[in-house]
Amino acid sequence: MLMLLPSGLVIILTDLSAPWFVTASVVVGLAAILVVAGWIQAKRNGLRQATGWSTCVATHLVLAWQVARLLP
């Protein structure tokens with residue numbers, strides 16, 4: 001979840017000019033890779049607690065918002 005904060009701030013605080021757009025895209029890409037790593041861990045260990053599910057839902061919502069903001 002912490003990986004999503006820098007790109008969120010870039011998206012909110014800048015007009016997404018070319019360098020900032022590339023920076024935000026790279027950070028969102030890295031965050032997506034970490035989300036996939038989280039899926040693998042959840043598949044192995046399972047999400048048995050409410051905190052695991054709430055973190056999962058929050059992460060996916062923020063990632064979806066950021067991807068939607070980066071799409072032209």
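This is a short chat about the structure shown above.

Visitor: What kind of model is this, and how are residues numbered?

Guide: This is a predicted model, in which local features need pLDDT of at least 70 and side-chain atom pairs count only at pLDDT 80 or more, while totals for chains, interfaces and linings use all residues. Residues are numbered from 1 along each chain as its sequence is written, and side-chain values use heavy atoms, with hydrogens and water left out.

Visitor: OK, how many helices and strands does the chain have?

Guide: The chain has three helices and zero strands, and along the sequence the pattern reads α-α-α. Helices (H or I, at least four residues) and strands (E, at least two) are DSSP runs, numbered from the N terminus.

Visitor: Which residues make up the largest nonpolar core?

Guide: That core has eight residues, namely Val10, Ile11, Ala24, Val28, Ala31, Val35, Leu63 and Leu70. Helix H1 (4-13), H2 and helix H3 (50-70) are the elements that give two or more residues to this core, and H2 gives the most, with four residues. A nonpolar core is a set of buried Ala, Val, Leu, Ile, Met, Phe, Trp, Tyr and Cys residues joined through side-chain atoms within 4.5 Å, where buried means under 20% relative accessible area, exposed over 50%, and partly exposed in between (1.4 Å probe, protein chains only).

Visitor: And which residues of H2 are buried?

Guide: In H2, the buried residues are Ala24, Val27, Val28, Ala31 and Val35. An α-helix has 3.6 residues a turn, so residues three or four places apart point the same way.

Visitor: What about Leu30, then?

Guide: Leu30 is found in helix H2 (residues 18-45), but counts as partly exposed because its relative accessible area is 40%. Together with Phe21, Val22, Val26 and Ile33, Leu30 forms a nonpolar patch on the surface, with about 440 Å² of accessible area together. Such areas come from the Shrake-Rupley method with a 1.4 Å probe, and for residues only the protein chains shown count as cover.

Technical notes. Patches are made of residues with over 30% relative accessible area and no salt bridge: like charges are joined within 9 Å, nonpolar side chains (Val, Leu, Ile, Met, Phe, Trp, Tyr) within 5 Å. A salt bridge is a side-chain nitrogen of Lys or Arg within 4 Å of a carboxyl oxygen of Asp or Glu.
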